[in-house]
Each structure stands twice: as C-alpha cells, then as structure tokens.
Amino acid sequence: MSDTNLTSVTSASVDEHSMEEVRKHVRTYLIVGVALMCGTVLTVWASLIHFDSRAMNIALALLIASTKGFLVAGFFMHLISEKKMIYSVLAFTVFFFAALMILTLWSMGHDSIIQIR
Amino acid sequence: MEIPYAVKPRPDTGLYNAKLGIWLFLASEVMLFGALFSSYILLRVNAEEGTWPHHWLNIWLGMTNTFVLILSSVTVVLGWAALKMNQFKRYKLYQGITILCALVFLCIKSFEYRDKFMHYEVHLKDGRIADGHKQPESTDKVLVLEGRYVASHAELMEGEVHHEAEPRIEIPRDQIASMENYGPWHNTYTAIYFTLTGLHALHVIGGAIVIFAIWGPLAKVWEQDPERYTNRVEVSGLFWHFVDLVWIFLFPVLYLL
Amino acid sequence: MQPTPHDDPHTHESHHAELGFWRKYIFSTDHKIIGLQYGITALLFMFFGFCLMMMMRWQLAYPGKALPVVGTWLYHLLGPEMVGKDAAGHVGVIMPDLYNSFGAMHGTIMVFLAIVPLAFGAFGNFVTPLQIGAPDMAFPRVNMASYQFYFLGGVIMFASFFIPGGAAQSGWTSYSPLATVTNDAQHPNGQTFWIFGMVCLINSSLLGAVNFITTIIQLRAKGLNWMRMPFFVWAQFVTAFLLLLAFPPLEAASVLQLMDNLLHTSFFLPTGLMVSGQPLHISGGGSPLLWQHLFWFLGHPEVYVLILPAMGIVTEIIANNTRKPIWGYRSMVYSVMVIGFLSFIVWAHHMYLTGMGTRIATFFQTTTMMISIPSVIILTALFISLWGASIRINTPMLFALGFLPMFGIGGLTGLPLGFNASDIQLHDTYYVIAHFHYIVAPGTIFALFAGIYFWYPKMTGRFMNEFWGKVHFGLSFLFMNLLFMPMFVQGLEGMSRRMYDGAATYAESGGVVGLSKYIVGLNVPISHAAWALGLAQIPFIINFFYSIKHGRKTGSDNPWEATTLDWQTPTPPPHGNFDKPVEVFRGPYEYSVPNPRRDFIPQNEPSQPEPLTHGNPVRS
C-alpha cells in the first residue's frame, strides 16, 4: 500500500491517517471549528432567555455544552474513529464519574438527616 | 531491546504507546475535574435560597476566552494535519497561533482575577454595605470605591446590576467595620470559581509549555524521526483539546448559570 | 515491516557506554532498579510506621506512664508540648496531640508510603515487565518521575514531624472541619505538609498507573494473550486502573482542603461553625460530608489496591509450590475484574453513621455484599488449588499459605461492617481496626514477605536463609494473631478507636457503668504482642542483608522451577531483560505436565513434551 510519499517513515500496516484522508479531515476540522463558535454564541443567547424555571436554562446550557464537547472529542480528538481500547477506558471513566456525582448528590439530598442548611 | 510500539502502532490495539498513555491520563483528568464539578453541583444545590450569586463574571470576557480556546483547538489539530502532510512550515505557523492563543487566554484570565481581588464588600459601622472596585485614589484614611450602596448583603447576589455603579464613593476608613474582597474566601461560589478556573489555568500553562517545547527547542526531532515527532504533536494536541473541553463546560456553568 | 534507520535497535540499548553510579542507581530509568528503590524506601517507611505504632501501644497499655528510653529521646527531639512528664516526674509521656499525630501518620505512612509502594511500586515494577516478556516499562522516564514524586512525598511527610505543632493529627482520613481547625494558628502546619505530601504521592501513583496499564496492554510478548498472563499481572493491571480513576477525586479534595486551611475558603466548613466557643470567621456554606465522599471514593478502591497485588503474589507462589495449575484461573480473572469495577461503588459503607437516607444506605450495602462474592471466589480457588497438590514447604509458601486463612478472617469480619444495621454498633470501634489489620498485616504483608523471599533469588542469585525464614514466619504468625484477635473482642464491647488513653476514661469504676476491666486490660497483652512482633522482624532484617553476600547460591536462573517468564532470564536480569524478543507458547501454570525430564514447562518453551510411551514419567 503506497499511499504516501513518506516512504521510509509511515507504517505499511493499517494507517487510516494517510495523506489523502488527512486532507479531507482538514475541511471537517474547519467546519467543526465554526460550529463550536456558533455554539458558543448560542449558549450565551440561550442563557439570556428567561424561562419559568431555572432548571430549563441549566438543561439547555448543558445540552449545548455537551454537543460542543462531543464535537471536540469526536472530531478534534478523533474519538469517532478511535480504537476500541480507548473507548472502553473512557466508557468506564464516564460511568465512574457519573456514579461519583449521582451517588454523592443522592446521599446529601433531602432524604438525609444532615443537611448544610 | 528497544521498547516496542513507541512510534509504530501495535497491530492488535492499533495504538502506539504514548497515545494510549495520554488517553489514560486524560481519563484520570476527567475524574479530577469531574470531582470538582460534582463539588460545585453539591455546594450549589445545597446552598440556601438566595445565597448563590448570579452574573458575577463578565460574560463577554468569558465568551472571548471561549473563542480563543476554540481557535487554539482548531489550530492545534490543523498543525498536526499539516505535519501528516509533510508541511512543516505550516505546522510551525498553526502551532505558533496556538501558543499565542494560550497567552491571550491567560492574560484575560489574569485581568478577570485581578478584577475580583479589587472588588470589595465593605460593611460600615452604621450598618450600610458598600460594594465596588477599589480605586487608586484610595489612601490610608479614605477608601474610594467605584460601586454602590446596598441595603442588604442579599442584594449583592445578583450581579447584573453592577453596571449602575457610581464612579466615586468615599468611605473614611474609621467607619469601616469589616471589608473583604471577592477572593476565594468570600463565599463558596468564589471558592469553587477560583479553584476550577485556577486548576484549568494551570493546565493551560502546562499544555502551552509542552506544546512550546515541542515546537521550539525540540523541533529538530522532525529531521531525525518525523513520525515520532508527529506523534508527540498529536499527543500534546490531545491534551490541549481536553483543556478546551473542560472550558466548554466551565464557561456556561460559572459565567452563565 | 522493514526496519528503518530510525528504528535501529542498536542506537540505544545494547552498546551504550556504562552509566555512572548516579545514572545507574539513583536516576535510573530501569524498571528493576526503580522497583528496588521503591522496595527499599517502602520497607524503611514500614519500619518507621511500625515504630510509631509500638510507641502508641505503650500509651495504650500504660496510659500516663513515661515511655522508657525512647520517651526521653522524644522529649529532646520534640519538646515539652508533645512529650510530658508522668506522675513520678519522669519525662517521656506521649501527650494527646502527639498520640493523635502518631495515629494519623501511622495510617498514612503504612497505607501510602509502605504497602502501596511495596506491593505496586516495588513488586509491580520489578516483576511485571519480566512476566510479560517486555524489555522495560512503556515509559521509563515517567517511571523514574513517579518514584521521585513518591520520594518527595515521603520526605514531606517525614519532615512534618519536626515542624512546630508536629505532624498531621486528624486521622489518616483527615476529616474536615477538624483537619482545618487543628493547629490553625500555625502555618504551614502538619496538615499542610500532609496535603502536599498526599498530592505528591497521588501524582506518583497516577504516573505509575498510566505506565502499568500501557505496558501490560502494549508490551506483552508475542503469543502472550490475555488468558495466558500470570494472575500476578492481572492483579497489577486492575490495581493500576483503581489508582488511575479513584485517586483524582482525592487530589481534588486535597486541593479544596488546602484552600480551606490556607486561604480560608469554606468548601468543607459549614455555616455557623463554632470553635472553642467562638464562631469561625469564614463564609460558611460548605459541607464536611463532601470531604468524606471525595475521600472515601478513593479510600475504598485504595483498600483493594492494598490486597490485589498480594493476591497476585500468593497465586504465583502457590502455583509454583503445588506443582499444578491454579484451579479456577479463569474465574479468578473475571473475579478480579468484577472486584475492580464494584470497588468504585461501595464507598459510602464507610459513612453509614453520617445520616444518609435509608435508600442510599441500602444501595451501598447491596454493592458491598456483592463485592464479597468475587473476593470469596478468589480465595476459594486458591484453597482448592491446594487439593491434590505436591506441596513444597519453603518460606515463601509458608507465608502464602498463612495469607489464606488470615485474609479469610479479615474478609469475613468485614461482613458485619458492611451491613448498615450491625455497623451502627461496630463503626469506629476496635473491631474495625482488627478487621482491616487482619487483611493488611497477616494478609497483605505476609504476601509481601512471601514475595520478598520468593523473588530474592532472582535479584541476587542467592536464597535467603531458610531456617530463619521459617522462624520469621512462625513468630510473626503467632504474634499477629495475639495482637489483633483480642481487638475484635474489645470492639464488640464498644471500645472506640483513636482514644489516647486506651479507653481508661471509659472503664467501669466504683459502680459507674463502662468498659469492663478485662476489656481495657486486654490492651496490655496486645501491646506485648506488638512489641514481640517487632522483635520477630529482626531475623528477617538480618537475613535480608546477610544473604546478599552470604546466602546459599541458587546455582540456577530458575531455582524454584517456575514456568513464568520472569524466571527465564539471567540472574539478575540485565538492562533490557531479554536479549531477543520473547515468544510465548503456552499458559502460565504448566506444572505437572507429563514429561520425562521435568514437571513443568516454561511459557516460552516451544517444543512439545515428548509423548509418554508407557506408565509413569521417568526422571533421568
């Protein structure tokens, strides 16, 4: 497979980052960059809307932030085409982070007899 | 025996060592910032009604910083792509912009921090509360603030009213019962704000130093081993994207909500 | 793939000039040297932590009496605030603050500066690359950095004893607000040092974890697929994940507590906190429970970090000395992975008495009960492995065998603690101390001793003395049990932990209800057992150093006739370990395979055993 001019350096084995593919990806990076900038403007605009409940603002802000995060992770960090090994590590991490947050909040919620107030 | 897969990927995992290493490290960073975000949520949810501040931070500065970091994320990945396409000069340009963005971010952040440290809440002996930024004309005898008087501490929780500041309030120092600036000690919001953004800023500094080191003094590795060099750029880029990712969540959480 | 000029294996490893002393032994990037550095430093800290305990035990057995000899040294070293006079005017009584700092530091040092660095840093570093057929760790310089962080953390922790106010005094758990308000007139105080020390240690572990995981995934030799890995490597692998993902929240919490201490924030300080009758000048709004959650999120996986490498070591030694494959290897592998996963969601069983709601307490109780299952599977598999075995009794095997029932006792006594209801009676009593010490002391430490006796010949080419090894085992086994078993009784009666006078204040007297004289009196034999245990280590220490030059030579690179790759190297293994890439053809425990010549087949041996012609194999 002679997909590159870099003869002695790139591996002859699987290399999805061949020169041609990278050129295509550049376009994707630029589009994602613009999307992120728009997303930022969107976040600010959404925060200025007065909903009845604050929870709506929070949900909206987190939704937009998560989308932006997904774009950065998926495209800039190449997670979308990354290997299973990395995915598995991250999946466990996300699970444990969620466990930390949810269980801690649950244990200090209105059920518990000790509260900060 | 040389350590295998330092540069070329291992066939069954498809990864070279440093790439796996950096992702593992980023997983631990997710837990680090995750713990801080969890703390933020907990402290906020459990705060008494009306004691959690809103709009104490300048949204436009925050937004600018967000743009700056996003731009730097784009340039970091374009820099790596340029190396993959054997365009070393273009990489140098993009990565240079990345480093500049980092510096701009840190400048704006320093300005914001300084603003907080100059912002005082002053309790006078007669029970009034003054709140504002200390002016340079202050002396030993008189504190000069650009700010306002409020009837109660609770009024200060809503920061949107900051723009209606009187340019000059003079307070004789002997009439001050206590005063405190908006440092981390001021309340749990400022505490978590400074901690989250401070730790983030340390990561910006660390990342910028590494990117700079690879871009500058270590650039000669490109001549000796382009693939190894490109991998280093990729790995440091991954770290940089993570730093951007954290800010993408920090900005709305601290500035907007 | 064609080798390129950039991949030339001869550029660095085989033909470089001899490194000077400093590069070779102090600033080494070789995993074996780093392993030894970790090992020696950890053993020194273990000795120091043990001494702290021995001093505490004097105060518990004879409250208010001056500590002979050592007490006078302490007085001259630490001053009259820390070390007082007894009724007879003798100097050398450990004052309450000093007792508390000994207690807090004993725990901190034993967990973070002794056991984990020995089990993970020393054994993990030394053995893992050898057992997977790798030339070194994936990131040798990161490895060196991780040792240096550990060393720095240790220095900071040690130094904290000698600053005004002394070392941290708020338990190894450093609960807020006590950790913030103690000695807060003094800055930096022992608590500040403790936090900085912890940050260094956490960073050391994080770097180590990244290294271990990458190494095990990426550098396994050809043919060494996952299910052919020695269980020791599996155990280190899961341990590394625990460290990687569980430590960061404690690092975050440490930063927050540091800010509470130095910058007067109120992350963990509630509104309206009063200290000595005065309200504290803080913003309030924080939560002491937040610290507990963040601490125990690490704290619980940490105890699995303490035990898993030990299980790994014991498994290797049992397989080797029973001359048969481990029974249930696959179950053990799945179990260790399940333990790793579940260990992240059981932490609040350390917090049953904080007033959490019953639903969440039930959640944690359920996961805690669940995690006992894979632990029992592993222990059972090891027991069953003994069935029908040709057991060779030597010192490593004695310690490994001793580990099994001791860990059994430790684990089973954890069950009443895991149940919310019974924990109400037992929380913060000596029962808890007995439970976890049974796991770590005659549990993990026995496994670590076993490991030292076992791998010593690989490092030095000599055996440690077998007679004194057996003496060391016998005495340690006896005194560990005499030391910790009575603590269960004390705890069941309600004797609290961390009491500086050994609960003398709570003893019944003159009709006032309290702890029985018998219970309080148990402090004396317990202390005697502790000191005897200390004496029992002397043969080990002498043996360790004496055998380096005078131990019986092994005469072989593989004196234990082991199958794993670590024993298929020269002694000691050279830099780079293997001169050519290793290839693995079989599983890790091919013992008692029919073969006329010998009863084991090393993992990297390609040839098939000769077929039996008839009857029993004949040894020529």
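A: Ala400(C) is in contact with Val314(C), Ile317(C), Ile318(C), Ala447(C) and Ala450(C), leaving aside its neighbours within four places in sequence. Two residues are in contact if their C-beta atoms, placed from the backbone, lie within 7 Å. This is a predicted model, in which local features need pLDDT of at least 70 and side-chain atom pairs count only at pLDDT 80 or more, while totals for chains, interfaces and linings use all residues. Residues are numbered from 1 along each chain as its sequence is written, while chains are lettered from A and ligands numbered from 1 in the order in which they are written.

The largest nonpolar core has 284 residues, and Ala400(C) is one of those that touch the most other members, together with Ile213(C), Leu244(C), Val314(C), Phe399(C), Ala447(C) and Ala450(C). A nonpolar core is a set of buried Ala, Val, Leu, Ile, Met, Phe, Trp, Tyr and Cys residues joined through C-beta atoms within 7 Å. A residue is buried if 20 or more other C-beta atoms lie within 10 Å of its own, exposed if 12 or fewer, and partly exposed in between. A separate, second core has six residues, among them Tyr120(B), Ala130(B), Leu143(B) and Ile171(B).

Chain B is divided into domain 1 (17-30 + 47-115 + 186-256) and domain 2 (119-181), with bounds from an automatic or database domain assignment. The C-alpha centres of these two domains of chain B lie 36 Å apart. Their contact takes nine residues from domain 1 and seven residues from domain 2.

Chain B also holds an open sheet of five strands in the order S4-S3-S2-S1-S5, with antiparallel pairing. Strands (E, at least two residues) and helices (H or I, at least four) are DSSP runs, numbered from the N terminus, and two strands pair if DSSP finds at least two bridges between them. Strand S4 (166-172) and strand S5 (176-181) of chain B are at the edges with a single partner strand each, so one side of each has no neighbour in the sheet. Neighbouring strands are turned by 40° against each other on average, direction ignored. Five bridges join strand S1 (residues 119-124) of chain B to S5(B); His123(B) has Ser178(B) in S5(B) as its bridge partner. Helix H3 (residues 88-118) of chain B packs on this sheet, touching S1, strand S2 (129-134) and S5, and its direction makes about 10° with that of S1(B). Axes are lines fitted to C-alpha atoms, for helices over the stretch in contact, and angles run from 0 to 180 degrees between N-to-C directions.

Chain B meets chain A as well: 44 residues of chain B are in contact with 47 residues of chain A. Helix H1 (17-45), helix H2 (59-84) and helix H6 (226-256) of chain B each supply at least two residues of this side, and H1(B) gives the most, with 12 residues.

Val69(C) is exposed, with 9 other C-beta atoms within 10 Å, whereas Asn577(C) counts as buried, with 22 C-beta neighbours inside 10 Å.
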